[in-house]
Amino acid sequence: MQENGFLIRPRGGLLGRRLRTTGRGNARRLGALARGPGHLRRPSTARAGDRTRARAVSTGVGAPARPPQPSTVVDPDPIRPRPGAPGRSERTRATRGTRRCDRCGGRPAGREGRLHAVPVQLERRTRLPPDPRSAGRARRMLQEALRELEVPDGSPDEGKGVDPDMADTAILLASELCENAVMHAGTEFEVALTVTDTALTVAVTDRGPGPLELHLAQPRQRYGRAASHGRGLALVQRLSTTWGTRHEADGRHVIWFSLARAEQPAATPAPPAPPDAERVWTTAEQARWLLHVPPGLVDRLEPAELVAELVRRLRELLDAESVSVEVDEGDGTGAKEITRDGSPDPGLSTGSEIISGVGPGPDRRVEVRLPTTAPLRGVLRVTHRAGGGADPERTRDLTELIAYRVAMAVESQWLRAVDQRRRSWMTYLAETSELLGQSLDVDLAVAVVPQVVVPRLGRWCAVHLVEPSGGLRLAALTHADEDALPELRAVLDPDGQPGPPSELRARLAEVVRDGSSAVRFAVPTDGIALPLRARGRALGTLLVGRPANRPHSPEDVVLAGDVARRAALAIHNAQSTGAHVAVSQALQQALLPRALPVVPGVEFAAEYLPASTGSDVGGDFYDVLTVDPSSWLVSIGDVCGKGARAAARTGLVRDVLRVLVRQDRSLPRAVERLNDVMIEAADPLQFCTLAAAMVSRNRRGGRGGLDVQLVLAGHVQPVLVRADGTAELIGTFGTAVGLVPTVRLTCTEHRVAPGDTLLVYTDGVTERRRGREQFGAERLLTVAARAAGRPAVQIVGAVRDAVERFSAEPLDDDVALLAVRAAP
């Protein structure tokens, strides 16, 4: 309490209110306050016990399970805001000297009524709104207040000011408390500063918890993002000398801390507690204390932590030297100790056998198997102290009793781990299928298989494929350690040196011949061999080396078999697609002439750019047929569609036109007969555009050059490139063949002078796109004119390069180019 600028503290406790006592009436009120139970409260033992239990629950596993002992709790708040204080007011009070309050008559008011005066050097308080900027305002208030206590160098009072480090600490902690009040309470709060000769105290008072504080007070999950609330109080606890909280009945909450300005005297040690008469627990009480865990605590504990708590209780109840739990999950790794309380057993083995015969003798050790389902096995082991005189029957009864609870927790944890592993395996298999199905190239599909196996299922992996001759070929190999690849390749490659050992060759032959399940081998290293079979046909073998520090578990073998089946299907699909592509490409090449005629005085050059290099056969074609030594049929066309039907119609057009021209039919008549043949096929969707030219030597007047008869059946106009650097489109459009029974055709005649070039092409040239823009005929004439006078091969190459450079996108239509040049 405060009297004339002095803070009055009761001896043996801290008074929670401050009063300004001036006059006899205030002295009487001070005495009433010291004596009255309604104003000066001392926390009861029950509340202290509640706080002890709260600490026990919050600590989790290590909390004591016995009833808490009474403890003395002192009112922690040296500064409590006075009710009815003016809002947003600041008061500063500075006094000198020390006075003793004698208005109480010097008589103690009850046990806590003896008061002594503490000089107050500085006091300041302010009320702030729940605004994010309020913390900054509070810091500025504290900085200005503490600056008033600074003492200049050389002053007689030097050394009595507030230490700068202490001031920084006080401002930091006050800022944390103010931010907590803004974030969690959401009400106006008051900041009070009091500086005495011995301590610097700051108190923050708010009006109650807000919705966010109530939400954060709920129990937190033990997984996910860690909560970051409550850091302010942890900081206060670590940096302050003393601190505390108090909750008033009117809804106010006070959090205060104090920093000692002088070294505190050592606390008088508390007298030892009188010895309690040891109470003997009944068997039922022991069992209940051993097994009972509060439901709220069980929900927050992981199974392993719950097992550790049960083991700790059993050891404490039996006063044993150690209690441990070992579990073997049946995966080939042997037994593992999952928890232990106490010192380890000397010489105890934890190998593949759960119960070993070494260590303490049977008279000191009790082992009880955990009642778990296969393949899970476990044991609960209790080791007594040497010469402890433990009761074996009681020990076994309690151990068997708790073994059921431990078994449930262990099996729950194991089932959870199994479920997580299975989920990860399902994700792994789905990703494997996606990777294997992304390519229809055989080499790439095979190369992916070892990459998805290592290191998930083994240290190394190899794929052997069956050759047409029946032998095996090493198609892919990888190892977790790249330095070991050369040595491993030498013993796995059938064509290498020294090659696979005889035992491994026999195993591989057995897998390919019988197509059985996984076969284990031990040379050159431990591993398993699995067949690669798809559609009832053996494709090869998959070899997987053992994982690091353990053999393959049954789960690993099943998973590797699943990967082998998926890999075999992907390899089979890639092989089938490769065979189909090879057939399509062979058919595509068969539709084009193997070679162009080599004739003195005439140059022929051609280029074909397919839009697809896969199984889709394009409908574009070109052909040069030697009719007689001085005449040639030059044809180029585009059949609608792609694939096998387009290829069949392309072969029909080319072969029928050849036959008709060889029968000495005129070019227009030959095209008309070709239209009749295509109409008889009754497939109007497979029409064809055609440009046919009969090229012959010019023998009139000995001027040299070539004469050309040109018929266009729905095809684009050819380009005649003059030697003087000009270019033009020639020919008259007609009807495409295969659309209507009667076609309209016009035969035009043209002269190709020496040095001139006739360039025919398909619409893939002019319709080449770059966004909405097309290559077009005008750009084609410009490119051809620039190449005028060059050989036919260079003119074709110039046009091809211009088409490819026009757009970075891949070709969307086949491109065919054919040039005929009269030698100069």
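Modeller: Val 721 counts as buried because its relative accessibility is 1%; buried means under 20% relative accessible area, exposed over 50% and partly exposed in between, with a 1.4 Å probe and protein chains only. The model is predicted, so local features need pLDDT of at least 70 and side-chain atom pairs count only at pLDDT 80 or more, whereas totals for chains, interfaces and linings use all residues. Residues are numbered from 1 along each chain as its sequence is written, and side-chain values use heavy atoms, with hydrogens and water left out.

Val 721 belongs to strand β22, residues 719-721; helices (H or I, at least four residues) and strands (E, at least two) are DSSP runs numbered from the N terminus. Leaving aside residues up to four places away in sequence, Val 721 is in contact with Thr 726, Ala 727, Asp 756, Thr 757, Ala 784 and Ala 788, where contact means heavy atoms within 4.5 Å. A separation of 6.3 Å lies between the C-alpha atoms of Val 721 and Leu 758, which are 37 residues apart along the chain.

Thr 757, touched by Val 721, opens strand β25, residues 757-761, which runs antiparallel to β28 and is joined to β28 by 5 bridges; two strands pair if DSSP finds at least two bridges between them. Here Leu 759 stands opposite Ala 819 of β28. Strand β28, residues 815-822, has 8 of its 8 residues buried. Val 815, Leu 817, Ala 819 and Arg 821 point one way from β28, while Ala 816, Leu 818, Val 820 and Ala 822 point the other way. Strand β17, residues 602-609, also pairs with β28, in the antiparallel sense over 8 bridges, and Leu 609 stands opposite Val 815.
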